Amino acid sequence: NSELVLQYHITEFGISDRLLVARDITRLVRLEQTRQDFVANASHELRTPLTVIRGYLETFLDQELPKPMNRALTQMQIQATRMESLVADLLLLSRLEASQHIPDENPIHIHKVLEAIRTDALLLSGDKHHTISLEVESNHDLLGQAQELHSAFSNLVFNAVRYTPENGHITIRWWVDLEGGHVSVSDDGLGIDSIHIPRLTERFYRVDEGRSSSTGGTGLGLAIVKHALQRHGARLTIESKIGYGSTFICHFPVDMLTTH
Ligand code: ADP
């Protein structure tokens with residue numbers, strides 16, 4: 001039996017009928033470890049065949065081909081690219097879950113990181129003509145792991161681009177107050193109903209399956225954000241209103257701040 005229940009009475013101190021429940025979670029921890037290992041190995045093994053498939057597809061698409069064949073191969077290329085992103089995100093997530101510690105803590109030039117993400121987001125926005133502004137209100141920087149923080153912030157900004165209709169506004173902000181440093185990403189896009197908010201950072205949780213899968217996301221973006229932030233002692237808050245837009249804020253503790 002994995003559950004042990006002890007019942008005892010402490011009458012001298014005036015406390016009676018205390019219940020102590022101890023549960024052996026060794027099996028659960030082992031199962032979770034097996035799941036994590038399986039996902040990490042499977043995604044690693046899937047990478048090579050996918051690269052080969054995509055390479056051949058590119059070679060075929062370089063040739064003059066009959067229209068129906070060209071159309072079919074183009075579709076295959078799109079799906080193979082999608083699968084590659086999924087495998088990359090699964091690998092990243094399993095790495096983030098595997099350890100609670102940040103491998104190295106370096107000063108990260110937050111202005112440069114956010115500026116680079118803004119440039120990529122403008123490319124992703126393409127003919128949706130979003131206005132994407134960056135407001136850097138502090139010259140503090142962050143201590144952390146550059147790639148992980150880049151993944152976290154870019155997932156939030158790319159989501160804002162994906163879930164905001166044409167001509168929408170997106171604002172990326174960095175500010176520091178007594179509680180620490182904060183990166184926020186706001187949009188005036190579709191917004192999210194409050195019942196979904198507590199579950200958004202679960203793997204593959206999507207508000208609207210049809211709408212989300214057509215945007216090209218992997219369903220792992222916010223899970224990656226959550227785990228990357230947790231490893232930095234940071235947390236994510238989400239505010240949103242249907243039809244008005246959403247704000248995602250990453251809160252970093254004071255001890256993660258530095259100056260350049
Ligand atoms: P996905 O790849 O589906 O975007 P995420 O984990 O990044 O996966 O996001 C989970 C879900 O949260 C999305 O499917 C979408 O429904 C919702 N979502 C995320 N960001 C936004 C946003 N800025 N505006 C509206 N909905 C969002």
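This report walks through the ligand's surroundings and a few ring contacts in a predicted model.

Let's start with the ligand. It has 19 residues around it, and the closest are Asn159, Tyr163, Arg206, Gly219 and Leu222. Where do they come from? At least two shell residues each are supplied by helix 4 (146–162), helix 5 (209–213), helix 6 (221–230) and strand 9 (245–253).

| Residue | Protein atom | Distance to a ligand oxygen atom |
|---|---|---|
| Arginine 206 | side-chain N or O | 2.7 Å |
| Threonine 218 | backbone N or O | 3.0 Å |
| Glycine 221 | polar backbone atom | 3.4 Å |

On its own, the ligand has 530 Å² of accessible area, and the protein covers 99% of that.

Now for the rings. The count of aromatic pairs comes to one. Its partners are phenylalanine 153 and phenylalanine 252, with ring centres 6.1 Å apart and planes at 80°; angles over 60 degrees count as edge-to-face, so that is what this pair is. Phenylalanine 153 belongs to helix 4 and phenylalanine 252 to strand 9, so the pair ties together parts that sit 99 residues apart in sequence. And are these two buried or exposed? Both phenylalanine 153 and phenylalanine 252 are buried.

Arginine 173 lies over the face of tryptophan 175, 4.0 Å from the ring centre. Over at tyrosine 244, the charged end of lysine 241 sits above the ring, at 4.6 Å from its centre.

Terms used. Residues are numbered from 1 along each chain as its sequence is written. This is a predicted model: local features need pLDDT of at least 70, side-chain atom pairs count only at pLDDT 80 or more; totals for chains, interfaces and linings use all residues. Side-chain values use heavy atoms; hydrogens and water are left out. A residue is near a molecule or strand if one of its heavy atoms lies within 4 Å of it. A polar contact is a pair of N or O atoms within 3.5 Å; within protein, one must be able to donate a hydrogen and the other to accept it, and residues adjacent in sequence count only if both atoms are side-chain atoms. Accessible areas come from the Shrake-Rupley method with a 1.4 Å probe; for residues, only the protein chains shown count as cover. Helices (H or I, at least four residues) and strands (E, at least two) are DSSP runs, numbered from the N terminus. Rings of Phe, Tyr and Trp (its six-membered ring) pair if their centres lie within 6.5 Å; planes under 30 degrees apart count as stacked, over 60 as edge-to-face and the rest as tilted. Buried means under 20% relative accessible area, exposed over 50%, partly exposed in between (1.4 Å probe, protein chains only). A charge sits over a ring if NZ of Lys or CZ of Arg is within 6 Å of the ring centre and within 35 degrees of the ring normal.
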